[in-house]
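Here is a friendly walk through the model for someone meeting it for the first time. Please keep the sequence and the 3D view open beside these notes.

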Amino acid sequence: AKYLAQIVVMGVQVVGRAFARALRQEYAASQAAAQARGRTGQQSAAASSISGMSLQEAQQILNISTLSPEEIQKNYEHLFKANEKSVGGSFYLQSKVSSLYFHLKDMQAQCDVF
């Protein structure tokens, strides 16, 4: 029983050290990635914390590759009409599309991206 207890304790120590090492590596990688993003990452994080959505997510949802106001407006109108309740759409999705559109407009005003 004494040897079994020593084996269990040794196993727990090995697993604990490996976990601590993996945690330190992950933290270091996270810090390096945050520093690599630099100022753009800080702006994106600020925008995400306000609206809950990054610029890349907004572009994916509106299916746009460039940030031209015309393309954003065109795709917004299409998605808004496609999700109208009268044509069997979802009010929830329609409100999300509107929120997204106004989020992009706010970003335009703040960052002068367009």
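1. Let me start with how the chain folds back on itself. Among the contacts of the protein chain with a separation of 6 or more, 36% are between residues 24 or more positions apart; contact here means heavy atoms within 4.5 Å. This is a predicted model, in which local features need pLDDT of at least 70 and side-chain atom pairs count only at pLDDT 80 or more, while totals for chains, interfaces and linings use all residues. Residues are numbered from 1 along each chain as its sequence is written, and side-chain values use heavy atoms, with hydrogens and water left out.

2. Next, the overall layout. The protein chain has four helices and zero strands, giving the pattern α-α-α-α along the sequence. Helices (H or I, at least four residues) and strands (E, at least two) are DSSP runs, numbered from the N terminus.

3. Of the 114 residues, 18% count as buried. Buried means under 20% relative accessible area, exposed means over 50%, and partly exposed is in between (1.4 Å probe, protein chains only).

4. Now to helix 1, residues 2-51. Which residues form a nonpolar patch on the surface? They are Leu 4, Val 8 and Val 12, with about 300 Å² of accessible area together. Patches are made of residues with over 30% relative accessible area and no salt bridge, with like charges joined within 9 Å and nonpolar side chains (Val, Leu, Ile, Met, Phe, Trp, Tyr) within 5 Å. A salt bridge, in turn, is a side-chain nitrogen of Lys or Arg within 4 Å of a carboxyl oxygen of Asp or Glu. Val 12 belongs to helix 1 and counts as exposed, because its relative accessibility is 56%.

5. Helix 2 (residues 55-62) has the buried residues Ala 58, Gln 59 and Leu 62. They sit on the same side of helix 2, because they cover an arc of only 100 degrees around the axis; the arc is that of the directions from the helix axis to the C-beta atoms. As background, an α-helix has 3.6 residues a turn, so residues three or four places apart point the same way. On the face turned away from the buried side of helix 2 are the exposed residues Gln 56 and Gln 60.

6. Do look at Gln 59 in helix 2. Gln 59 counts as buried, with 16% relative accessibility. Leaving aside neighbours within four places in sequence, Gln 59 contacts Ile 64, Ser 65, Thr 66 and Leu 67.

7. Although Asn 63 is not a glycine, its phi is positive, at about 55 degrees. Is Asn 63 buried or exposed? Asn 63 is exposed, with a relative accessible area of 63%.

8. The aromatic rings deserve a close look. The structure holds three aromatic pairs; rings of Phe, Tyr and Trp (its six-membered ring) pair if their centres lie within 6.5 Å, and planes under 30 degrees apart count as stacked, over 60 as edge-to-face and the rest as tilted. Tyr 76 and Tyr 101 are stacked, because their ring centres are 4.0 Å apart and their planes are at 15 degrees. This pair ties together parts 25 residues apart in sequence, since Tyr 76 lies in helix 3 (residues 69-82) and Tyr 101 in helix 4 (residues 91-111). The rings of Tyr 101 and Phe 102 are edge-to-face, with centres 5.4 Å apart and planes at 70 degrees.

9. Ring pairs link Tyr 76, Phe 80, Tyr 101 and Phe 102 into a cluster. Tyr 101 is buried, at 9% relative accessible area, whereas Phe 102 is partly exposed, at 46%. Ser 98, in helix 4, touches Tyr 76 and Phe 80, not counting residues up to four places away in sequence. Ser 98 counts as buried, with 13% relative accessibility.

10. Finally, Ala 82 has its place in helix 3 and counts as partly exposed, at 41% relative accessibility. Not counting residues up to four places away in sequence, Ala 82 touches Val 87 and Gly 89. The C-alpha atoms of Ala 82 and Leu 93 are separated by 9.7 Å, and these residues are 11 apart along the chain.

Definitions and conventions: Areas by Shrake-Rupley, 256 points an atom, 1.4 Å probe, with all protein chains shown as cover.
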